[in-house]
Amino acid sequence: MRKSTKVLIGILIILIICLVSYIIYISQNEITSTINIENETQNEVENENIVNEIENTTNTTNTLEENNIQNQTTQNASNETANPNISNNNITGKEEQESYEQSGGINPDEKAIDLAKQEWGETAENYLFAVEDIQGNIYRIAVISNATTIGYIEVNIDTGEAKEV
């Protein structure tokens, strides 16, 4: 064989190898893109399920808290009727009773949450408020939306001041 024939055969072999490599590359990209689309769809469905679970949990928590408050109010009213000397059956110690009487018969946690709701504004109905920390007469109230704390309000229950931090 001549030298030119050998060079042509070599070039053809190199071109065939490049063509086969390109075809393999394209087919792998199609498989990868299909898998990515399936994964994205599955992730979207899972995220939507998680959001729905969080919303259901928040709604259930809000309903349970409202029921507990109603039950406490009903129970307190019946306790006051049965024994006018005892105004709250949750008070167990002398110090707690003195604190309760000093605050005018209002639970300091509830007072702090009410002040925080007033500071938060008109949309307070859409959020859950919980006492996060107490330092003396300053209460740190967490504002919760969809099981996520979105802000804090510090409330001084003695002066009635509330400020967002």
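Which residue in β3 is the bridge partner of Ile138? It is Asn156. Keep in mind that this is a predicted model.

That bridge belongs to a longer pairing. β2 and β3 run antiparallel to each other, with eight bridges between them.

Now the whole sheet. It is open and has four strands, in the order β1-β2-β3-β4, with antiparallel pairing. Look at the edges. β1, residues 128-135, and β4, residues 161-164, each have a single partner strand, so one side of each lacks a neighbour in the sheet.

Next, the helix. α3 packs on this sheet and touches β1, β2, β3 and β4. The direction of α3 makes about 110 degrees with that of β3.

On to the core. The largest nonpolar core counts 13 residues. Which of them have the most contacts inside it? Ala112, Ala116, Trp120, Phe129, Ile141, Ile153 and Val155. The largest share comes from α3, with five residues.

Leaving out residues up to four places away in sequence, Ala116 touches Phe129, Ile141, Ile153 and Val155.

To recap. The sheet order is β1-β2-β3-β4. α3 packs on that sheet.

Notes:
Residues are numbered from 1 along each chain as its sequence is written. This is a predicted model: local features need pLDDT of at least 70, side-chain atom pairs count only at pLDDT 80 or more; totals for chains, interfaces and linings use all residues. Side-chain values use heavy atoms; hydrogens and water are left out. A nonpolar core is a set of buried Ala, Val, Leu, Ile, Met, Phe, Trp, Tyr and Cys residues joined through side-chain atoms within 4.5 Å. Buried means under 20% relative accessible area, exposed over 50%, partly exposed in between (1.4 Å probe, protein chains only). Helices (H or I, at least four residues) and strands (E, at least two) are DSSP runs, numbered from the N terminus. Contact means heavy atoms within 4.5 Å. Two strands pair if DSSP finds at least two bridges between them. Axes are lines fitted to C-alpha atoms, for helices over the stretch in contact, and angles run from 0 to 180 degrees between N-to-C directions.
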